[in-house]
Amino acid sequence: AFKAAVLIQQWYRRYMARLEMRRRCTWRIFQSIEYACEQDQIKLHNFFSYLMDQFTPSSSKERDFISRMFISGESYKEAELEKYCDYESIEVPDSYTGPHLSFPLLPDHATALLEAFQQKQQLHARYVLNLLHETRKHLKQLPNISHVSTCYSEEVTVCGDLHGQLDDLFLIFYKNGLPSPSKSYVFNGDFVDRGKQSLEILVILFTFLLIYPKEVHLNRGNHEDHMVNLRYGFTKEVMQKYKVHGKKILRMFQNVFCWLPLATLIDQKVLIIHGGISDTTDLNMLEKIQRDKFISVLRMKKRKESSRKPEIPAINGESKSDTEAAPGLSLQPQSAQAPSTAKRLEFSRWLRQTVQEQIDTCRRLMDISESEPEELTYSSMVSLKDVDGPCWTRQEEWKQVLDLLWSDPMAQEGCRENKVRGGGCYFGPDVTEKFLAKYGLQFLIRSHECKQEGYEFCHNRKVLTIFSASNYYEIGSNRGAYVKLGPDLIPHFVQYQANKTAHMLTMTQRQGIPVALISRVEESAFRALREKLFAHTSALISAFKAYDRDNTGRITLSNWATAVESVLRLGLPWRMLRPQLVCSTKDGMLEYKSWLDDLAMEQRSQEHIQSSLLEVIYRNRSNLETIFRIIDRDHSGLISFEEFQQTWKLFSSHMNIELTDDGINDLVRSIDFNKDGNIDFNEFLEAFRLVKQ
């Protein structure tokens with residue numbers, strides 16, 4: 001009996017070890033694909049920024065279009081924004097059966113909203129704009145770092161990313177209670193994108209923020225950024241739900257996002273930030289910078305001055321080149337310094353700029369909107385908050401915010417560029433230790449990363465990651481969690497899964513081996529990975545042929561793994577994943593053309609498109625959709641002829657292609673297949689397919 005028990009124990013441990021390995025591999029696949037998508041977003045944005053830097057508008061009309069191409073809300077002054085988004089001019093029809101809001105808001109309004117959203121009702125556009133208007137006024141009064149004390153409430157509840165998953169927010173409130181004078185909440189950013197109910201989450205959180213301004217605190221996340229929203233769904237969601245007033249609502253959201261506080265400090269001992277820190281993070285600087293100028297943290301480059309202007313010598317006497325390299329993945333700013341007095345021209349320019357910034361600061365303090373806030377750039381400009389205080393360059397301020405919203409912790413010592421995401425940095429335990437000691441903190445709470453259990457400690461329990469969106473990648477892929485802190489600041493965690501199916505699987509997991517759970521999530525991960533492989537068919541063939549010197553059509557499995565990683569660059573254990581991706585081999589050799597044909601057959605069974613065209617669509621669809629939304633600057637879902645013409649001038653300038661206005665008109669008319677005077681996304685994709693063909 002003893003030997004049998006030992007045998008069963010060994011079998012069980014091996015089996016559980018294999019399941020754990022499958023679970024970890026599945027997780028690696030999901031995260032690698034997610035971060036690769038973020039890299040693509042930043043590369044695409046840098047490419048468009050580069051085009052804009054190199055483009056010289058030939059008229060004021062072109063200059064106005066280009067300046068508003070990325071940040072439509074930025075070109076509106078204070079008074080103009082309120083006039084444009086005038087909610088009082090919008091009438092609520094008698095047929096409207098949804099919730100009604102009146103200000104100041106009361107707890108009953110919040111309860112009515114929760115019930116309405118549970119019943120899939122929609123809040124009228126007038127009330128949405130009114131709520132955003134009041135929220136914006138409130139946020140403008142808040143400091144960059146909010147301060148919370150456990151003396152006034154029994155505990156503070158900290159929630160991580162929600163990403164448009166309203167069921168998770170409902171479950172948090174059901175388990176933990178609604179915000180109240182005795183129930184404080186901190187929501188740590190990334191309320192939007194990916195999920196389908198981002199707008200409802202924001203409406204609920206903003207409502208509670210106005211009802212309980214001392215008990216509800218919101219931090220900005222990296223997804224509270226309109227350039228990120230273009231790719232990950234929030235822009236599309238708003239326009240679909242509010243077809244008439246969607247543009248106004250979206251513009252107000254863009255402006256509200258940039259007024260969200262950057263961090264929250266509990267009892268002066270626990271700092272809550274969305275992403276992380278770096279070895280240069282300075283809380284004193286973060287407390288004093290003007291956060292509303294960072295409408296998009298991804299926006300970092302300054303439009304290049306016209307080449308017709310005389311060249312200005314560099315600070316160190318070296319002339320600046322007129323040509324710039326196309327932007328790559330790196331977002332790390334270059335070192336900058338204040339201009340030397342030895343260079344009179346440069347010093348004069350710097351002095352005029354500093355004086356102008358002081359004038360703008362005074363106007364802002366006096367609430368005078370005569371001049372627009374200067375566009376955030378990647379250049380070295382002096383930004384003074386007060387005359388006698390410290391001065392920082394715009395570049396330094398931008399990097400502070402970028403690191404705060406995009407960074408991740410790592411196990412190794414030091415601080416280095418975060419090339420996996422394409423933004424922010426990786427910070428090690430030594431960086432955390434120095435930062436905590438410098439500011440007298442006990443530990444950091446951050447979000448930004450999905451964790452399988454909903455939370456995770458690292459850096460000797462000095463950094464806590466909390467993630468509140470359960471089933472983030474797939475039903476059953478992860479739990480959500482929130483953390484409660486009392487006066488002793490000891491964290492207490494609550495885990496959950498919002499989906500009913502996932503909840504059933506979790507009960508099975510408690511009773512036995514979670515085979516069904518792992519198999520379901522694993523299947524979804526490998527399906528996404530096979531799509532990724534298919535999307536790079538052409539590049540994979542070239543990589544395989546490099547190992548197939550004799551043109552036999554066969555390569556070793558080791559070479560297959562090396563070639564796949566060289567193309568996809570996902571950092572996955574391909575040898576371990578091979579049994580799930582490669583079904584048949586002969587003598588340890590893979591017939592790679594047959595394997596790729598099988599991938600193509602699997603995708604063609606879902607899409608009746610020629611294989612080579614389908615490959616291109618799979619590889620570029622996200623980028624094409626983001627480009628479409630960038631060109632569609634009024635977010636109407638259609639590209640007007642004027643929008644297309646101005647954008648084409650950007651591309652033609654970059655590619656040195658000369659086209660007359662008549663030539664551009666002929667081109668845009670050829671893409672407008674249904675001849676309605678606009679280009680929709682299907683026409684845009686169809687034109688892309690025809691050109692590729």
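Residues are numbered from 1 along each chain as its sequence is written, and side-chain values use heavy atoms, with hydrogens and water left out. Because the model is predicted, local features need pLDDT of at least 70 and side-chain atom pairs count only at pLDDT 80 or more, whereas totals for chains, interfaces and linings use all residues. Helices (H or I, at least four residues) and strands (E, at least two) are DSSP runs, numbered from the N terminus.

In a regular strand the side chains alternate between the two faces of the sheet. Strand β3 (residues 184–187) is covered on both faces. Ser184 and Val186 lie on one side, Tyr185 and Phe187 on the other, and all are buried, that is, under 20% relative accessible area, as against over 50% for exposed and in between for partly exposed (1.4 Å probe, protein chains only). Strand β2 (residues 156–159) pairs with β3 in the parallel sense over 4 bridges; two strands pair if DSSP finds at least two bridges between them. Within this pairing, Thr157 stands opposite Tyr185. The chain passes from β2 through helix α6 (residues 166–176) to β3 in a right-handed β-α-β crossover, a term for a path from the first strand over the helix to the second that runs clockwise with the strands pointing away from the viewer.

Strand β4 (residues 216–218) runs parallel to β3, and 3 bridges join them. Phe187 stands opposite Leu218 in β4.

The loop between β3 and α7 contains Phe191. Phe191 counts as buried because its relative accessibility is 1%. Leaving aside neighbours within four places in sequence, Phe191 is in contact (heavy atoms within 4.5 Å) with residues including Leu162, Leu202, Leu218 and Leu260. The C-alpha atoms of Phe191 and Leu202 are separated by 6.9 Å, and the two residues are 11 residues apart along the chain.

A further sheet is open and has 3 strands in the order β9-β11-β10, with mixed pairing. Its edge strands, β9 (408–409) and β10 (415–417), each pair on one side only. Strand β11 (residues 425–427) pairs with β10 in the antiparallel sense over 3 bridges, and Cys425 in β11 is the bridge partner of Glu417.

Helices α18 (residues 557–568) and α19 (residues 574–581) meet as well. Trp560 and Leu568 are among the residues of α18 in this contact, and Trp574 and Leu581 among those of α19.
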